[in-house]
Amino acid sequence: MKIISIVNNKGGVGKTTSAQSIAAGLSKFANARVLVIDLDAQASLTKSFGIQHAGLKKDSGSFITGEYEFDEIVKRVGDIDVLPGSAELIHREDTIKAAPVFPFNLKIALEKIKDRYDFVIIDCPPALYGNTRLALVSCHQYYVPLQAEFLSYEGLRNFLVYSAEIKKISPSTNLGGVFATRYNPKIRKKISHELINATKEQLGDVFMTSYIRDNIALSEAQANGTTIFDYAPNSNGAEDYYKLTREILERINN
């Protein structure tokens, strides 16, 4: 079972869209058994799969704390299993952080289901503490979506410093790659090209060749509680996330 976290300390860069689309791509094109975990109290990933989250008590946090068994919490949506997020994650955070095994709580909990899935995809909140820390120490690889704008670039630098500290306590955690979102190299936007080129120079091979263009179908798919591959399989969004999923599989296999 390979565990992948989608992480960035800045909101609005495409974490949730990427987590959902990569999970769907792995299920559809690699015929993989996939579990997605929503660790954000805003529950955006949960909503994107069409799961009602209002008043939800059995969520990913209750799996981590052991309040409920995995099979009591998990939701099946098409071919993908979902551990939903909810506002209750905020209330459970103190309990999770107070546990003597913190920040390895999630990693330990996932050991119980390691034979059930080929991939686990974790969607993290836009923060560098708490549940993001759980996700980083539990995963084999993490991927960082980078929106081609100045503040996102500055946030990436801060995040990479933080992730280097995580590596010290979890040597098995590796940066899988950084990929651009809301970016099209064919469109003349000087600042975007300059930031992408600067990131490539800084990261080298860590910066991925795949990129995600602006595509309204991605938002429409989420609003309809489904994935881009089911909603608009011929769209730019589907094409871009197909390429990204293939590149992630290559990096994992290598």
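Visitor: Why is Phe-159 called buried?

Guide: Buried means under 20% relative accessible area, exposed over 50% and partly exposed in between (1.4 Å probe, protein chains only). Phe-159 has a relative accessible area of 0%, so the residue is buried. This is a predicted model, in which local features need pLDDT of at least 70, side-chain atom pairs count only at pLDDT 80 or more, and totals for chains, interfaces and linings use all residues. Residues are numbered from 1 along each chain as its sequence is written, and side-chain values use heavy atoms, with hydrogens and water left out.

Visitor: How many aromatic pairs does a search of the whole structure find?

Guide: The search finds six aromatic pairs. Rings of Phe, Tyr and Trp (its six-membered ring) pair if their centres lie within 6.5 Å; planes under 30 degrees apart count as stacked, over 60 as edge-to-face and the rest as tilted.

Visitor: What makes the pair of Phe-29 and Tyr-242 edge-to-face?

Guide: Their ring centres are 4.7 Å apart and their planes stand at 75°, so the pair is edge-to-face.

Visitor: Why is Phe-29 called partly exposed?

Guide: Phe-29 has 41% relative accessibility and therefore counts as partly exposed. Tyr-242, at 31% relative accessible area, is likewise partly exposed.

Visitor: How do you know that the pair of Tyr-142 and Phe-159 is edge-to-face?

Guide: The ring centres of Tyr-142 and Phe-159 lie 5.8 Å apart with planes at 85°, so this pair is edge-to-face.

Visitor: Why is Tyr-142 called buried?

Guide: The relative accessible area of Tyr-142 is 5%, so Tyr-142 is buried.
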